[in-house]
Amino acid sequence: QGQLVESGGDSVQAGGSLRLSCAASGLPSSTRCMAWFRQAPGKEREGVASFRSDGITDYADAVKGRFTISKDNAKNTLYLQMNSLKPEDTAMYYCATSGNYLCLRRLLWAYYGWGQGTQVTVSS
């Protein structure tokens with residue numbers, strides 16, 4: 001029943017900014033976190049940032065200081081503000097949800113409800 005739809009991906013030059021959105025619907029009340037993941041061609045999917053229901057956030061080392069995760073509860077939408085983009089940020093970006101109490105860790109096995117992804121391409 002639940003659905004996540006990502007949007008906002010684009011092609012930008014290094015140093016540029018993008019804001020990704022993840023519109024959520026039908027999420028169970030047991031949801032503890034929403035998070036952003038990314039996957040580059042030939043690479044494993046990796047966690048980027050997580051947002052817990054109490055507002056606590058966590059970031060992968062590679063994006064700390066550059067990305068900001070936030071949530072608009074009224075719109076039921078998760079955001080990822082991406083600044084100072086680097087070519088290594090190029091990937092398909094996905095959002096997902098977790099009911100696990102360790103969800104800030106962004107363990108892949110604990111997340112579900114993956115969206116279709118939105119492509120971010122950063123050129124040098």
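These legends describe close-up views of a predicted model.

**View 1. Ring pairs link Phe37, Tyr111 and Trp114 into a cluster.**
The structure holds two aromatic pairs. In one of them, the ring centres of Phe37 and Tyr111 lie 5.1 Å apart, with the planes at 70 degrees. Planes over 60 degrees apart count as edge-to-face, so this pair is edge-to-face. Phe37 belongs to strand E4, while Tyr111 sits in the loop between E9 and E10. The pair therefore ties together parts that are 74 residues apart in sequence. Phe37 is buried, with a relative accessible area of 0%. Tyr111 is buried too, at 5%.

**View 2. Phe37 also pairs with Trp114.**
Here the ring centres are 4.8 Å apart. The planes again meet at 70 degrees, so the pair of Phe37 and Trp114 is edge-to-face. Trp114 lies in the loop between E9 and E10, and Phe37 in strand E4. This pair therefore joins parts that are 77 residues apart in sequence. Trp114 counts as partly exposed, at 30% relative accessibility.

**View 3. The largest pocket has a volume of about 160 Å³.**
Its lining includes Leu27, Thr31, Cys33, Phe51 and Lys71. Strand E4 (33-39) and strand E5 (46-52) each supply at least two residues of this lining. By type, the lining residues divide into four nonpolar, four polar and three charged.

**View 4. Thr31, one of the residues lining the largest pocket.**
Thr31 lies in the loop between strand E3 (18-25) and E4. At 16% relative accessibility, Thr31 falls under the 20% cut-off, so it counts as buried. Its side chain reaches the backbone oxygen of Pro28 at 2.9 Å. Leaving aside residues up to four places away in sequence, Thr31 touches Ser53, Thr97, Ser98, Gly99 and Tyr112. Ser53 is also part of the pocket lining.

**View 5. Ser84 has a positive phi although it is not glycine.**
The phi angle of Ser84 is near 50 degrees. Ser84 lies in the loop between strand E8 (77-82) and strand E9 (91-98). With a relative accessible area of 42%, Ser84 is partly exposed.

**View 6. Arg106 is another residue other than glycine with a positive phi.**
Its phi angle is near 60 degrees. Arg106 lies in the loop between E9 and strand E10 (118-123). Arg106 counts as buried, at 11% relative accessibility.

Methods. Residues numbered from 1 in each chain as written. Predicted model: local features only at pLDDT ≥ 70, side-chain atom pairs only at ≥ 80, totals over all residues. Heavy atoms only, no water. Helix = DSSP H or I, 4+ residues; strand = E, 2+ residues; numbered from the N terminus. Buried < 20%, exposed > 50% of the residue type's maximum accessible area, 1.4 Å probe, protein only. 1 Å grid on protein atoms, 1.4 Å probe; cavity = no way out; pocket = protein on both sides within 12 Å on 5 of 7 lines; lining within 4 Å. Points joined across faces, edges and corners; volume = space filled by probe spheres on them. Nonpolar A, V, L, I, M, F, W, Y, C, P; charged D, E, K, R; others polar. Polar contact = N/O pair within 3.5 Å; in protein donor to acceptor, adjacent residues only side chain to side chain. Contact = heavy atoms within 4.5 Å. Phe/Tyr/Trp six-rings, centres within 6.5 Å; stacked < 30°, edge-to-face > 60°.
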